[in-house]
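The following note sets out points for a colleague who is examining the model displayed here. Please read the numbered points alongside the sequence and the coordinates.

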Amino acid sequence: RSASGVIIRADGYIVTSNHVVENVDASDLEISLPDGRTFDKVQLVGNDELTDLAVLRVDAKDLPSATWGDSDKLEVGDIVVAIGNPLDFNNSVSEGIVSAKHRVIRKAPLEDLIQTTAMINPGNSGGALANLDGEVVGINMAIATSTGLWPGLGFAIPSRIAKDVTDQLIQKGRVSRGYLGIEMDRLTNATARQLGYSGRAGIVVREVHPNSAADKAGLQRYDIIAKVNGAEIKDI
């Protein structure tokens with residue numbers, strides 16, 4: 001089966017989707033570049049099932065590598081292009097817009113996806129979603145479909161997540177994550193009134209796990225977390 005990937009470092013590191021390689025022996029992988037070069041000796045550097053990302057490496061130097069863009073700067077309506085090998089049509093590019101952000105489609109345990117109308121089909125997984133400056137703002141992941149083909153709904157992992165995960169996989173072969181230690185509820189108007197809270201942003205702490213970071217920091221049940229690092233919390 002064919003899939004896609006993005007060269008992220010000139011010394012042979014490539015990011016792709018975990019679901020593309022998770023049940024495949026590394027000896028069965030082959031990397032083909034647009035210039036005709038192929039590599040049949042492929043190393044699986046590391047993978048992260050929670051975000052559906054994996055990093056491969058080939059023995060090469062001075063490869064053309066992509067530049068990460070800032071997915072947090074994307075706005076709904078921005079033009080993006082999906083690049084990859086859909087339906088075995090190698091090195092195809094399709095254009096669309098960002099149609100939504102922060103989507104959850106339950107294809108991976110941790111999701112905060114970009115929704116796009118750029119045409120994504122089987123074979124696009126692991127490929128680049130790029131802005132018009134040629135920067136990679138997402139890694140194409142999935143489509144929502146009842147037929148197996150693109151119905152106008154494609155999804156990509158934001159570069160903010162993809163870069164952090166791939167950097168950790170390259171540096172140490174695994175991903176370390178912080179753990180806050182709370183259960184939370186959506187902040188409704190009724191709950192806000194009951195708690196005497198006049199703001200609109202935030203979540204309500206439903207439970208604090210004993211000895212967690214949240215517990216040690218003094219968070220309590222019915223606290224409202226309105227911002228993290230200055231950014232408003234809009235939903236769970």
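1. Helices (H or I, at least four residues) and strands (E, at least two) are DSSP runs, numbered from the N terminus. Asp62 lies in the loop between strand E6 (53–58) and E7. Its phi is near 55 degrees, a positive value in a residue other than glycine. Asp62 counts as exposed because its relative accessibility is 72%, where buried means under 20% relative accessible area, exposed over 50% and partly exposed in between (1.4 Å probe, protein chains only).

2. The model is predicted: local features need pLDDT of at least 70, side-chain atom pairs count only at pLDDT 80 or more, and totals for chains, interfaces and linings use all residues. Residues are numbered from 1 along each chain as its sequence is written, and side-chain values use heavy atoms, with hydrogens and water left out.

3. Overall, the protein has four helices and 17 strands. Its C-alpha atoms fill a box of roughly 65 × 35 × 35 Å, taken along the principal axes. Of the 236 residues, 42% are buried.

4. A positive phi, about 55 degrees, also occurs at Leu87, although Leu87 is not a glycine. Leu87 lies in the loop between E7 and E8. With a relative accessible area of 44%, Leu87 is partly exposed.

5. Which residues form a nonpolar patch on the surface? They are Ile79, Ile97 and Leu132, with about 260 Å² of accessible area together. Patches are made of residues with over 30% relative accessible area and no salt bridge; like charges are joined within 9 Å, and nonpolar side chains (Val, Leu, Ile, Met, Phe, Trp, Tyr) within 5 Å. A salt bridge is a side-chain nitrogen of Lys or Arg within 4 Å of a carboxyl oxygen of Asp or Glu. Areas come from the Shrake-Rupley method with a 1.4 Å probe, and for residues only the protein chains shown count as cover. Ile97 lies in strand E8 (residues 92–103) and is partly exposed, with a relative accessible area of 35%.

6. On a 1 Å grid over the protein atoms alone, a cavity is a set of points where a 1.4 Å probe fits but cannot get out; a pocket is an open set with protein on both sides within 12 Å along at least five of seven lines, and lining residues have an atom within 4 Å of a point. Grid points are joined across faces, edges and corners, and a volume is the space filled by probe spheres set on the points. The largest pocket has a volume of about 1400 Å³. Its lining comprises 30 residues, of which His102, Asp112, Arg160, Ile233 and Ile236 lie nearest its centre. The largest share of this lining, four residues, comes from H2.

7. By class, the lining of the largest pocket has 16 nonpolar, four polar and 10 charged residues. Here Ala, Val, Leu, Ile, Met, Phe, Trp, Tyr, Cys and Pro count as nonpolar, Asp, Glu, Lys and Arg as charged, and the others, Gly among them, as polar.

8. The second largest pocket holds about 960 Å³ of space. Of its 35 lining residues, Ala3, Ser4, Gly5, Ser32 and Asn85 lie nearest its centre. This lining has 19 nonpolar, 12 polar and four charged residues.
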